[in-house]
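The tour below goes from one selection to the next and says what is found at each stop.

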Amino acid sequence: MINEKLKELIYNDEEKIIEQRRKLHQNPELSMEEKETNDFIKKELESYGLEVKQLDPTGLIAEINPESEGKTVLLRADFDALPIQETNDFDFKSKNAGKSHACGHDTHTAMLLAATRALLEIKDELPGTVRLLFQPGEETGDGGKAVVKQGVTKGVDSGFAIHIFTNIPLGYAATGYDQVMAGNYFFEVNFKGKSAHGSTPFEGHDAIMMLNTFINGANGAVARKVDALNEPIVLNYGTISGGSVANAVASEAKLVGSFRFFSNESADKFLNELKEIADLSAKLYGGSCEFTYNQGAGPVINEKTSTDTAVKVARDLFGEDKVMTDMKVAGSEDFGFLLAGYDEFEGMPGAYMCIGAMNPEDPSTFPINHAQDFNPDEKAFKDGALLLAQYAYEFLKQDNK
């Protein structure tokens, strides 16, 4: 059951939650550039009497009961904004041109600050440590990589993060077991050939033909070399460029694309397929290619015990029939790096959950995340804060029975 003291503390704190969220909303900063946001959070945490560790270049860690010999649970909130011009016209709209909290990370930060205040009030009841992570750079994936490299997941028995969504109604939550959200890779293929006059194409090495062959081969790999049921790959071509005039063979052509996946093994296999297809496509027309790639997010793989805890807490809060447990989407979230690890750095067991912020009676809350007029209902914030706090309380209590 929900801890009544936590509920009372957080629900009575609703006005401050909304106030802090609005302050953050007015001052959005892009990924890995969130200095003012970072300093605001740090000042808040220090005012609660917490010792705060500064991460590089931004990001913060603080702990409740750091000397405890019990388990450690991590609660995470991201705080970066997007390069999107806000079109809302309410009083607290973004003051930074071309930047806005169109994904709700301002709400996550305000909710975790509220959860922190409440957990500090009952810290003597907690048989373990609560590690608070305020993370930069989720939108680019750079933040997840950076904090994992700096050891935030070490010694963590369970991590938990939530995301506010306006495609889910108020009072509902969604999560899943095992594969929940996709990881993604961005890739670029540069083909180099030899220019020739359009009347004598056989004297050149056509880079556009190389690129065309690559696209056909990559599509074929998705259709015939990927387990579409158990390990699907979602491939997308974003930009294509090449050539300069209509009557000449192109000596260069470039494609920038991405793909999404649900396991690191399937991603590694598909990357190798793409590299091989690119090389063969270039050789077929006498050219060469350069294939580069960068991982944007790791797949979110929810661990069973943590997910069981998240589902129990959410059902206690929202009701048995208002928590979906079959969530699996191709969208990405860099919390996956914290769960699965990155490079040689280990991850942690944990769970990721989405909560609803769409009010069916208020059309202004309908625009989905990343929309210019994104406007989650503020009634969701106190429940998000309680969900975070109760998860820590529940997990620590369960693990020490």
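**Stop 1**

Select Glu 378 and Arg 22: their side chains meet in a salt bridge, 2.8 Å from N to O. A salt bridge here is a side-chain nitrogen of Lys or Arg within 4 Å of a carboxyl oxygen of Asp or Glu. Glu 378 sits in the loop between β16 (350-358) and α10, and Arg 22 in helix α2, so this pair ties together parts that are 356 residues apart in sequence. Helices (H or I, at least four residues) and strands (E, at least two) are DSSP runs, numbered from the N terminus.

The model is predicted: local features need pLDDT of at least 70, side-chain atom pairs count only at pLDDT 80 or more, and totals for chains, interfaces and linings use all residues. Residues are numbered from 1 along each chain as its sequence is written, and side-chain values use heavy atoms, with hydrogens and water left out.

Glu 378 counts as buried at 18% relative accessibility, while Arg 22 is partly exposed, with a relative accessible area of 33%. Buried means under 20% relative accessible area, exposed over 50%, and partly exposed in between (1.4 Å probe, protein chains only).

**Stop 2**

How many salt bridges does the structure hold? There are 17.

Select Glu 14 and Lys 382, whose side chains form a salt bridge at 3.8 Å, N to O. Glu 14 is in helix α2 and Lys 382 in helix α10 (residues 380-399), so the pair ties together parts 368 residues apart in sequence. Glu 14 is partly exposed, with a relative accessible area of 23%, whereas Lys 382 counts as buried at 15% relative accessibility.

Next, select Arg 117 and Asp 13. The closest N and O atoms of this salt bridge are 2.7 Å apart. The pair links distant parts of the chain: Arg 117 belongs to helix α4 and Asp 13 to the loop between α1 (4-11) and α2 (14-26), 104 residues apart. Are these two residues buried or exposed? Arg 117 is buried, and so is Asp 13.

**Stop 3**

Two packed helices are described by the angle between their axes and the distance between the axes. Axes are lines fitted to C-alpha atoms, for helices over the stretch in contact, and angles run from 0 to 180 degrees between N-to-C directions.

Select residues 35-47 (helix α3) and residues 105-121 (helix α4): they pack at an angle of about 10°, with their axes 11 Å apart. The helices α3 and α4 are therefore roughly parallel to each other (angles under 35 degrees count as roughly parallel, over 145 as roughly antiparallel, 65 to 115 as roughly perpendicular and the rest as oblique).

In α3, Phe 40, Ile 41, Glu 44 and Leu 45 meet Thr 109, Leu 113, Thr 116 and Arg 117 in α4. Contact means heavy atoms within 4.5 Å. By class, the contact of α3 with α4 has 4 nonpolar, 2 polar and 2 charged residues. Ala, Val, Leu, Ile, Met, Phe, Trp, Tyr, Cys and Pro count as nonpolar, Asp, Glu, Lys and Arg as charged, and the others, Gly among them, as polar.

Stay in α3 and pick Thr 37, which lies in this helix. Thr 37 is buried, with a relative accessible area of 4%. Not counting residues up to four places away in sequence, Thr 37 touches Leu 24, Asn 27, Glu 29 and Phe 79.

**Stop 2: Pro 136**

Move to Pro 136, in the loop between β4 (128-135) and α5 (142-149). Pro 136 is buried, with a relative accessible area of 1%. Its contacts, leaving aside neighbours within four places in sequence, include Phe 79, Asp 80 and Val 147. Between the C-alpha atoms of Pro 136 and Asp 80, the separation is 5.6 Å, and the two residues are 56 residues apart along the chain.

**Stop 3: Phe 90**

Last, select Phe 90, found in the loop between β3 (71-78) and α4. At 19% relative accessibility, Phe 90 counts as buried. Phe 90 touches His 25 and Asn 375, not counting residues up to four places away in sequence.
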